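Thanks for coming. I will go through one structure this morning, starting with its core and moving on to a sheet and a helix.

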Amino acid sequence: MMQQYLSIKADYPTMLVFYRMGDFYELFFEDAEKAARVLGITLTARGKSGDQPIKMAGVPFHSLDGYLAKLVKLGESCAICEQIGDPALSKGPVERKVVRVVTPGTLTDSDLLPEKAERPLLALCLLNQRKTVSAGLAWLSLASGNLRLMEFSGDARAVEARLNHELERIAPAEILRADCADMFENEAAHAHTQRVPEWHFDVVKGHGALLEQLGVATLTGFGADGMGAAFGAAGALLKYAQATQGRGLQHVRALACELENEYIGLDAATRRNLELTETIRGQESPTLFSLLDGCRTAMGSRLLRHWLHHPRRDQAVARSRHQSIEALLQADASHTLSSALAQVPDIERITTRVALLTARPRDLAALRDGIKVLPTVREQVARCFIPGDTSLLREIHEDLATPGECLDLLVRAVAEEPATMVRDGGVFARGFDAELDELRALSENAGQFLVELETRERARTGIANLRVEYNRVHGFYIEVTNGQADKVPDDYRRRQTLKNCERYITPELKAFEDKALSAQDRALAREKMLYDQLLGDLAPHIGCLQTIARALAQVDTLVALSSHALRHNWCAPVLSDAPCLTIVEGRHPVVENQIERFIANDCRLSNDRRLLLITGPNMGGKSTFMRQVALITLLAYVGSYVPAQSATIGPIDRIFTRIGASDDLANGRSTFMVEMTESAAILNGATEHSLVLMDEVGRGTSTFDGLALAWAIARHLIESSRSFTLFATHYFELTQLPESYPSAVNVHLSAVEHKDSIVFLHAVQDGPASQSYGLQVAQLAGVPPAVIKAARKHLARLEAQALDATPQLDLFAAPSADVQTEAEETAPAFVAPQDDGLRDALDAIDPDALTPREALERLYELKRLAA
């Protein structure tokens, strides 16, 4: 048995091999040690191998999925080795074989997958061609069958930056790379990396694998002409996915090739700062996704998540969704559709499991019940468009046609409430298979047959106390006491002799026994055969079911967006071809749900008004205002209504954000280095169609360095990039920019000072702010009064001394004589105050602690000293 195990383990050296032994899956040697440590299961030892005890650990077969989920979450890959031979017929160890490989990127089981997110498998192929590098990406969501390709090239630095951006967007669960590849090793930060042989990435073989998988003669219809590295990635991807499933991928029937300009660019910092699907602290809510996710199906939730991360640049796509939402609201169909969709299972993933022959009986029952709901959903969708309409809802309506043959097969075959597993029996409905019904009848009606036989035999023999019974050792028998032995007929055959009675068998009872005892086993075997046949019969309907799943996901997402828009008074945005961004009474979609009263604000950007220089107090709402503008823009291109009274938005190609402060110690980057890296990405990538959010650039270094950088960055965005920019700062010197650059405009977040405290009005008003109210905010935060008092005194001293007139020295360059002379000529002359006691008297006064009478007395005293 250990020889068998070791030969199997040799084929899967890097994976944990779960080796089936009876009712347990066992792990041995290093696998056992690792599993015991990670899963918290008992580590034991039995027997020896090479004078060393064989370490082993095991889990019950019915608990396997829970342990697999934990291992996959940790990035481990597992090979499931099952007994495929019959123990009764095996002379040696039972034949075993790896029937399934579970890796982070090849999950299809609902127990192992997150319900509302995809976990794609991605292959990366890099081709080095002289001075340029070509990167080919192929990724597959095995649970849905969506296969996509992308290819780009350039110098090494540009390709690496683009690669990181794409990996952040795609968020793969597992990445395949050639075992000898050494370029761009930092993808491990994005997902678990699996090394496969380099020859798997052969471009020509990859092209052939795609043709074979899709069943076509050319890839021209998929827009894949001219690709190279992407074909290599696709070949490795398909080979790995097929190997893990142990069979072909018959549900992968289409290919999508993504282009660089297809989606609005959102880099990692932007996704994080806008909190699309995860908060900055890494929590699942409150986020834009958690706010909008009123979807009643898991398919709809996954599609909504995809839309949020992949807003299309094509305005026609967003407009079609806006029109669909409007139609749903006008027809008042959202509530009825939502109720119907709540009865729909995850048809997309069930279809995948049908294709991979891993669907369970209850998957098929859920699929049957879900298809029965289609007429109701289709009828409600039909209410939302007029005949001859070519809208998105019209396309959805056509795709929701009920597959009659598929439904008829499922209704006839699957029991109303089938067993969880095929091995438990009770999967098929009565009347579907005559032989199965007969076998079930034999097993279920055994008791009635025995009662009838006993009655007949008593009448035939005249033995009143004759009994027909059963035990596991001797099977069925007729028991007659010794006093009645002379009445026993000739056709009785003695089976067992006891002290007071004899037990017999008759030909009729023997025939029944053979049938009854084997009926249950034969029924289970028959169900297993019928189930495999049923999955095969459903294969021709896979494409139709995938189309239905996509249509249901779209209508579910649109219903969720329309319902949210109605509840929260959102409006339909207008997408314009002219460069503009005009928002009237815009609100932050998430924050407005977290507080009692949200202050709505306007934002107006146009061709001659491209940069808003935003000043105002800390806690005044600058970052919230900036984020809400970005989120409203994003929502408009996603196809959703937006939280505003009105919104008109022009072409947008990318959204950049430089918000917040955080370091990256693991990669040796300080807070200021992270800030400058993000700023560099914006300056190098922003165009006149980009939306840029810059929040307090330059604060991570000295005052003058930071001010100089902020000024230069703002000027570059105005002159070179010409992006729509929201630029928040506490450097009041920057408020002079509009004097030199008319396309820059000052606005500020208002606040009112009351005594020593501050009231934030959160309203955006024209013009620069007068001050930052930093001390008041510190007081609100609970900084001790003594510290606030000291800060206030020091602030007054700094303002009096006009510290900004003092030049900042460069530590690395000696000043020239000319510079020294100029500094001496321009430096203000400070005259030491006379030592007349006035300064000491002023320092001794604490204005916050004086009563009105004491203040008046101190004023007379100061007047006397100054006289």
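When I say contact, I mean heavy atoms within 4.5 Å. What you see is a predicted model.

Take L552. Setting aside neighbours within four places in sequence, L552 is in contact with M299, L341, V344, I347, L374, V377 and L400. L552 is also, along with L364 and V377, one of the residues with the most contacts inside the largest nonpolar core, which has 110 residues. Helix 19, residues 542–567, gives this core its largest share, 12 residues. Another core lies apart from it and has 33 residues, including A123, A229, F231 and L237.

Next, helix 11, residues 334–341. Which of its residues are buried? They are S334, L337, S338, A340 and L341. These residues cover an arc of only 165° around the axis, so they sit on the same side of helix 11. What do they pack against? The buried residues of helix 11 pack against helix 10 (315–331), helix 13 (361–382) and helix 19.

Opposite A256 in strand 12 stands R148.

That is where I will stop.

Methods. Residues numbered from 1 in each chain as written. Predicted model: local features only at pLDDT ≥ 70, side-chain atom pairs only at ≥ 80, totals over all residues. Heavy atoms only, no water. Core = buried A, V, L, I, M, F, W, Y, C linked by side-chain atoms within 4.5 Å. Buried < 20%, exposed > 50% of the residue type's maximum accessible area, 1.4 Å probe, protein only. Helix = DSSP H or I, 4+ residues; strand = E, 2+ residues; numbered from the N terminus. Pairing = 2+ DSSP bridges. Arc of directions from axis to C-beta.
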